[in-house]
Amino acid sequence: DLDKDKQILKLIKSQTYTDGSLYHGYWNKKLNLKEGYGLMLYKNGSRYEGFWKNNFQEGTGRLIYVNGDYYIGSWELGLPHGKGKFVGKDGSWYEGCLLYTSDAADE
């Protein structure tokens, strides 16, 4: 229900975290979590722009690393997962399907 979603989600101008990272985008005000489309500027200079769910990158998004490399594609539980493309600043690239399991995330 669209009216119910409007009551739960709100657009915030910015949220600054204790580590210096900055988030700008949709927020689930009921759960106090990033949810929907947003931009995260990390303290190290990397940035993620795309969709969030329950505070994790989820759905389609792009992460640009501080060194200029980037990944664009599908995300699940904060990890690149599914169809995507990694491009190195030197022009090298890989396009395919990335599958991360909970075991891989723990390593």
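Reply: Let us begin with the core. A nonpolar core is a set of buried Ala, Val, Leu, Ile, Met, Phe, Trp, Tyr and Cys residues joined through side-chain atoms within 4.5 Å. Buried means under 20% relative accessible area, exposed means over 50%, and partly exposed lies in between (1.4 Å probe, protein chains only). The model is predicted: local features need pLDDT of at least 70, side-chain atom pairs count only at pLDDT 80 or more, and totals for chains, interfaces and linings use all residues. Residues are numbered from 1 along each chain as its sequence is written, and side-chain values use heavy atoms, with hydrogens and water left out.

Me: Which residues make up the largest nonpolar core?

Reply: In soluble globular proteins, nonpolar side chains tend to be buried together. Here the largest such core has nine residues: Ile12, Tyr23, Trp27, Met40, Tyr48, Trp52, Leu63, Tyr71 and Trp75. Strand 2, strand 4 (47-53) and strand 6 (70-76) each supply at least two residues of this core. Over the chain, buried residues make up 29% of the 107 residues.

Me: With what is tyrosine 23 in contact, its neighbours within four places in sequence left aside?

Reply: Contact means heavy atoms within 4.5 Å. On that basis, the partners of tyrosine 23 beyond four places in sequence include Ile12, Lys34, Met40 and Trp52. For the chain, among contacts between residues at least 6 apart in sequence, 3% join residues at least 24 apart.

Me: How many bridges join strand 7 to strand 8?

Reply: Two strands pair if DSSP finds at least two bridges between them. Strand 7 (residues 79-87) and strand 8 (residues 93-98) run antiparallel and are joined by six bridges. Glycine 82 stands opposite leucine 98 in strand 8. The hairpin of these strands has five residues between them, and its glycine 91 takes a positive phi near 95°.

Me: How many salt bridges does the count give?

Reply: A salt bridge is a side-chain nitrogen of Lys or Arg within 4 Å of a carboxyl oxygen of Asp or Glu. By this rule the count is one. Arginine 47 forms a salt bridge with glutamate 49, their closest N and O atoms being 3.3 Å apart. Arginine 47 counts as partly exposed because its relative accessibility is 31%, and glutamate 49 counts as partly exposed because its value is 28%.

Key: Helix = DSSP H or I, 4+ residues; strand = E, 2+ residues; numbered from the N terminus.
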